[in-house]
There are 2 protein chains.
Amino acid sequence: MGTSLTPIQQIGEFGLIEKIQKHFSNKLQKNTILGIGDDAAILERDEHNFTLISTDMLLEGIHFDLTYYPLKHLGYKAVVCNVSDIAAMNGIPEQITVSIALSSKFTVEAVEEIYEGIRLACENYKIDLIGGDTTTSRTGLVISVTAIGKVSKQKVVKRSGAKPNDIICVTGDLGGSYTGLLVLQREKVTFKANPETQPQLDNYDYVVKRHLKPEARTDVIHEFADLDLVPTAMIDISDGLASELLHISKNSKCGVIIFEDKLPIDPQTATVINDEFHISPTTAVLNGGEDYELLFTIRQQDYDKIKNHPDVTPIGYVTDSLQERKLILRAGTTAEIKAQGWTHF
Amino acid sequence: MGTSLTPIQQIGEFGLIEKIQKHFSNKLQKNTILGIGDDAAILERDEHNFTLISTDMLLEGIHFDLTYYPLKHLGYKAVVCNVSDIAAMNGIPEQITVSIALSSKFTVEAVEEIYEGIRLACENYKIDLIGGDTTTSRTGLVISVTAIGKVSKQKVVKRSGAKPNDIICVTGDLGGSYTGLLVLQREKVTFKANPETQPQLDNYDYVVKRHLKPEARTDVIHEFADLDLVPTAMIDISDGLASELLHISKNSKCGVIIFEDKLPIDPQTATVINDEFHISPTTAVLNGGEDYELLFTIRQQDYDKIKNHPDVTPIGYVTDSLQERKLILRAGTTAEIKAQGWTHF
């Protein structure tokens, strides 16, 4: 396959995307406003609105484990990932397409479970399922979803708009989904060792729910509209806070400083990850993925609009130095923010 | 997985889609004009135009065999399938998203080959690649493409618009892709038995090209515009002519009669399929898939507009009896048109 052979691990997922992107001009259609490189692509729609397009593919054995991931939740989550990307552009989802590849082990009833989850998500987020593809897979389950959304031209938010002195905020709390994943993986190991045991999940309800039934923050997008607040930059937190902060920093060409003691962590997340898995809650927040919360920046003069919001936490601020990507620790010392992220390869 | 267990084979792919579709209303967004059930979904765009959305997922071992399918051609074809769906609505493609799952056997150079094919298709059809997802696969290669297109509101063509006495036409010639597939599969078997042999494809150039490098008929869509011709119904021929005729018949609530001696078959297709595989060329046309030609119906008064078109063949006509789905054989006898189609399950 070519004369030179480079393993994908050598350049990573982001390296691969950058390499591919170079070959595409994206200037063949004048209604393409923004292509690869943000949570969703932006297309011209009408006088007042843009169309947003986002897509995600989930594979069994890579993104989910059917041993503990219920099919209905999986269908729900496949929609949520994409809704979250549309929300990250300050948009509202309108339609999705869903393509599914199934191995022969799946029954019609199992497929209906997946679609029941998809249907519930469509109902909750007011989305129409408008198309897709259903096919066989030789091996595992594959779900590919594309979401189509809408945003007012004056309110579209990209990763690139953060300015020095902007306040960095996040919605909800972080690290819960990763903690839930660790709990579920531990239960799976226990179950394999002794299939007679029943899963013990009573004390893990919150973190397990964060992992199995994430929600996209379209509620916050509606609140932004009510508050007449347009963030200067935004991204959804799917690969961990550290990775997303670096995207904002790189795309906005500015630095970021956040404070460890400001990071929002649910008490159950903190206790479980610390006491049972001996991982610092801050590490879970920075590098654990799939929280599907929003990371955004606002101008200082807009701070009053969200300062009393119970579900928005200011965690730091934007600086004018691109090289500055710092976490101020509780002890007062400083650590460099590095993306561990989610390395599939 | 539920109390009742029904194998998917029992209801088939179309049965499964129908079952799923019932649970979705598709009335949550007022800009959803048409959802599941045609080649592409139709969304409101602006005063004069609709947006079209189509999606397809290709899996290694199901839809393609990398033993004989070059990666560049695969990338090209993944785009073409979707462009063909947009063309089938009388639309023009504008953007695509591409999600790819790769096993660790793929090198960066191999991935670049796939994207080179995608880039070529984008260039040929004037499409922008605006997004996607790149991830690991435990097993084979998966490519999922979503295409976004545009059609004038006054010119959108669905499967449902055929009327009694309309003339049924097809573009190009049929059965070639299936014949090419059979040749390639035969070469693979020969090669496995004796790896010293070189593939002998000199006498199969046309059919192999039909299989490995199909094109979507956007050229015909532009010609329709020039001729001021709007077909009454249209569908792309991806699952074989029989299956597509039944879709037109079912959706338009009318019958179809076609003539065996009118079916356009390339001489190489006819010779190879008949002499070497002992399959009647008519069977290849009716049940062989992936020709990506267009099947469409026009009003009789529009016949003059296409009668001298070198690449459009009238093959029959529409009747008012829904039950009537007939093939008039060369001998003058009649056969029922049945969809064998492409049964993945």
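**Close-up views of a predicted two-chain model**

The C-alpha centres of domain 1 of chain A and domain 2 of chain A are 22 Å apart. The model shown in these views is a predicted one.

**View 1. The two domains of chain A and the contact between them.** According to the domain assignment, chain A holds domain 1, which covers residues 8–155, and domain 2, which covers residues 167–336. Where the two touch, domain 1 of chain A contributes 19 residues and domain 2 of chain A contributes 20 residues. On the side belonging to domain 1 of chain A, the largest share comes from helix α2 (residues 71–87) of chain A, which supplies nine residues. Sorted by class, this side of domain 1 of chain A consists of eleven nonpolar, four polar and four charged residues.

**View 2. The open sheet of chain A.** Six strands of chain A make up an open sheet with mixed pairing, and their order across the sheet is β1-β2-β3-β6-β4-β5. The edge strands are β1 and β5 (128–136) of chain A, each of which pairs on one side only. Direction ignored, neighbouring strands of this sheet are turned against each other by 20° on average. As a general point, strands of a sheet pair through backbone hydrogen bonds, either parallel or antiparallel.

View 3. Strand β1 (residues 32–34) of chain A pairs with strand β2 (residues 41–44) of chain A in the antiparallel sense, over two bridges, and here Leu34(A) has Ile42(A) in β2(A) as its bridge partner. The hairpin of β1(A) and β2(A) has six residues between the strands, and in this hairpin Gly37(A) takes a positive phi near 120°. β2(A) also runs antiparallel to strand β3 (residues 49–59) of chain A, to which four bridges join it, and a hairpin of four residues connects β2(A) to β3(A). Ile42(A), the partner of Leu34(A), stands opposite Leu52(A) in β3(A).

**View 4. The parallel pair β4 and β5 of chain A.** Strand β4 (residues 92–102) of chain A and β5(A) run parallel and are joined by eight bridges. One of the residues to look for is Leu102(A), whose bridge partner in β5(A) is Thr136(A).

**View 5. The contact between chain A and chain B.** This contact takes 72 residues from chain B and 72 residues from chain A. Among the elements of chain B that give two or more residues to the side touching chain A are α1 (8–21), α3 (108–125) and β6 (142–152), while β5(B) gives the most, with nine residues. By class, the side of chain B that touches chain A has 31 nonpolar, 28 polar and 13 charged residues.

Note on methods
Residues numbered from 1 in each chain as written. Chains lettered and ligands numbered in written order. Predicted model: local features only at pLDDT ≥ 70, side-chain atom pairs only at ≥ 80, totals over all residues. Pairing = 2+ DSSP bridges. Domains from an automatic or database assignment. Contact = placed C-beta atoms within 7 Å. Nonpolar A, V, L, I, M, F, W, Y, C, P; charged D, E, K, R; others polar. Axes fitted to C-alpha atoms, helices over the stretch in contact; angles between N-to-C directions.
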